[in-house]
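Here is a friendly briefing to read alongside the sequence and the model. Please keep both in view as you go through the points.

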Amino acid sequence: MPERIDREQVTKVAKLSRLELSEAEVAEFTGQLSAILDYVEKMNELDTTDIEPLAHCLPLSNVFREDSVKESLGTEKALANAPQRDGPFFKVPKILDESFGA
Amino acid sequence: MEDLAYKVMVGLEIHVQLCTRTKMFCGCALGFGEDANSRVCPVCLGMPGVLPVMNKEAVEYAVLAALALNCEIAEFTKWDRKSYYYPDLPKNYQISQYDLPLGANGFIEIASGSGQTKRIRITRAHLEEDAGKNLHTAGDFSQVDLNRTGTPLLEIVTEPDMSSAAEVRALAVELQRMVRYLGVSEADMQKGHMRFEPNINLVVTKDGAEYKTPIVEVKNLNSFRALERSVDFEIGRQLGEFAETGETMQMGNKSTRGWDDAKEVTVLQREKEEAHDYRYFPEPDLVPVELKGRWLKDVRAGLCELPLKKQMRFVSEYGLSEYDAGVLTAERSTAEFFDEAVKAGGDAKRVCNVLTQVGLKLANEKDCSIVELGIESEGVAQLCGMVEAGDISASASAQVFEQMAETGKKPDVLARELNLIQKSDAGELEAIVNKVLAENAQAVEDVAGGGKKSKKARGFLLGQVMQKTEGQANPKVVSEILDSKLG
C-alpha cells in the first residue's frame, strides 16, 4: 500500500507548525502520519449519504455568557511566568515579517 | 506612456471593533490606553486548559450589523480555528468563522452623487477575535501588549464592486455611520475601531482586448484618507506597471502591499510562501450558534432607519440640501431630534438652520451632542415658529437657543425676559416712523432725490426708527411702512 503522506508534506506541515525536524524524525513521522491516515480511512467504509455534516460532537448550541466584566489578572500576574519582560510588556525576539494582522 | 482605457475594481475587507463591555470569549473589559497587559486573563493569554465562552452581546451586535447589511443570516453558524504564528495572539490560532459565517450575500447602498445611490454587494460578514499589539520601537526585540487580544471584531468582505477611490471612501464612511446608528461600534478611527484592506486591480482595454492587472491587497489602513489615497496610488501604479510589463492577473500573482503614510506610496511586502496556509479547522472548544425564532426577531427589532435612507428622505421630504441632510444625519440622535422638531411643527429649513448653525456649534463647545444640550425638540419647533411669525429676529433666535440650553426655559418666556420680542404692530410703528420723518427732513429730501444718496438716506431713516424702538421693531414691517410713506 502506498504511503498516504510523503516526506515533502511532512516537511511542509512541520514548517507551518514552526517545528524543526531532523531527517530521521521526518522519516519516522511520515510513517506514523500515514498509519494514522490509514486508520481514519476506515471511516470511508461507512455510507454517509443523507447524513448531516457534524459541526460539533456535543448536541448543544448557544452557550453564552452575559457581557459583564470580570476582574482581569493585572500586569504583574500576567507577566509572572513570562520568560522575558520589558517593563509592562512581554519581551520577544524582534518580529521582522510585518505582514501579520488578524 | 500611451493612453490606456481602464476600469477600476476594488473590493474591501473591513474589520469593525464591536462596543461590548467585555472581550469575545472572556470577561476582561475592553479599553483603550490602559497599562499594557493589565486587561488580560488566562483565556486571552492562551493558557493551557482554559475554555472560551461566547459573549452573547457580541453575537447580537454582529447579527444586527449583518441584518443592516441585508445579509442572509445563517440559521446555524460555527467557529473555526485559523492558524496564526505571531506573539500578539499567544494561543497560536485565531478563533474565527470559516465556512459558515453568520451573514452572507448582502449589500450596502452608498451615495454616488446627485441623489443617486450605488449598491455594493457584501460577500460575507463574520465574527472573530482581534490580536493584541506588537511594538517594535524599543530596540533589538519586540514588545507585546495583549490588552486588545480577544476583542470582538466583525469582519465584512465586499465584492469588487467599487470603481473609484471616492466610492471606496464613501463605503467606509457609510459603514461608519451605519454601525454608529446601530450602536454596535463606536467606530472611532483614532482608536483603530475600523481597519481597511482594499483589494485593487484594473481591467485595461488595449487594442480592443481586455486585460486584468494582478490583484494587490493593501494591508491595515486605519484612516479614510489613507484608504482613499492608497487606492488612488495603486490605480496609477498598476497602470504604469501594465504599460511596462503587460503582466496580467493569474493564479498566484496576487501581492500584498503596505501603505507608507509619509511618502504616500504603497510598498511591496515580502510574505512567506506559506503565509496564507491558515489550515482552518472546526473549533472544538465552542458549540455552534443557532440564529432563529424569537431570538433573531428580538435582534432584528434593534434595526432603525439607516443613515443614507434618512439623509435622502430629509432631502426629498423636507427639501433640505444634500449637504445639510448629511450634516444632520451624521449622528443618529441629532437626526432624530431634527425629525421630532419638524414633526412638532417647526419649518424644516428653519429647524435645520437653528440646529446646524447654532445647535451644533454650541454642542461642539460643550463637547456633547445636540440632544445632550437638554433642549426639547418641541421647544426648537416653538422657537422656529416665533421667527417665522416675526416675533423675534433670526439673529435673536440664536441667543434664545443658547439660553434654552442654559436655563431649560421655554423660548417665548426667554424672548420676553431678554427683551427680544420685536414690535410688529403696524399702527404703533407708523407713529414712530412719522416722528422720524418729521425730524429728518433732509434725509427725506435725499430719498426723493434718487441715486446713491437716496439709498443711504433710506438706510439712515430705518436706522433711526430702530434706534427709537431700541432695536425691537420688526425691520421688515418698518421697511414696508417706509416704502409706503416715501414712495
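**Strand pairing in chain B**

B:Glu72 stands opposite B:Ala104 in S7(B). That pair belongs to strand S3 (residues 72-73) of chain B and strand S7 (residues 103-111) of chain B, which are antiparallel and share two bridges. Here strands (E, at least two residues) and helices (H or I, at least four) are DSSP runs, numbered from the N terminus, and two strands pair if DSSP finds at least two bridges between them.

This is a predicted model: local features need pLDDT of at least 70, side-chain atom pairs count only at pLDDT 80 or more, and totals for chains, interfaces and linings use all residues. Residues are numbered from 1 along each chain as its sequence is written, chains are lettered from A and ligands numbered from 1 in the order in which they are written, and side-chain values use heavy atoms, with hydrogens and water left out.

- As a reminder, strands of a sheet pair through backbone hydrogen bonds, either parallel or antiparallel.

- Four strands form an open sheet with antiparallel pairing, in the order S2(A)-S3(A)-S10(B)-S9(B).
- Its edge strands, each pairing on one side only, are strand S2 (85-86) of chain A and strand S9 (133-135) of chain B.
- Three bridges connect S9(B) with strand S10 (residues 141-145) of chain B in the antiparallel sense, and B:Leu135 stands opposite B:Gln143 in S10(B).
- The loop between S9 and S10 of chain B holds B:Ala138.
- Setting aside neighbours within four places in sequence, B:Ala138 is in contact (heavy atoms within 4.5 Å) with A:Asp86 and B:Gln143.

- B:Val218 sits in strand S14 (residues 216-218) of chain B and is buried, with a relative accessible area of 0%.
- Beyond neighbours within four places in sequence, the contacts of B:Val218 include B:Phe196, B:Pro198, B:Ile200, B:Trp259 and B:Thr266.
- B:Glu241 is 23 residues from B:Val218 along the chain, and their C-alpha atoms are separated by 17 Å.
- B:Gln176, in helix H2 (residues 165-182) of chain B, is buried too, at a relative accessible area of 10%.
- Leaving out neighbours within four places in sequence, B:Gln176 is in contact with B:Ala187, B:Met189, B:Met194 and B:Phe224.

**Chain B as a whole**

- Chain B has 15 helices and 18 strands.
- Its radius of gyration (over C-alpha atoms) is 31 Å, well over the 23 Å from the globule rule (2.2 Å times the number of residues to the power 0.38) for 487 residues, so chain B is more spread out than a compact globule.
- The C-alpha trace of chain B spans about 95 × 60 × 50 Å along its principal axes.
- Of the 487 residues in chain B, 50% are buried.
- Among contacts in chain B between residues at least 6 apart in sequence, 69% join residues at least 24 apart.

Conventions
Buried means under 20% relative accessible area, exposed over 50%, partly exposed in between (1.4 Å probe, protein chains only).
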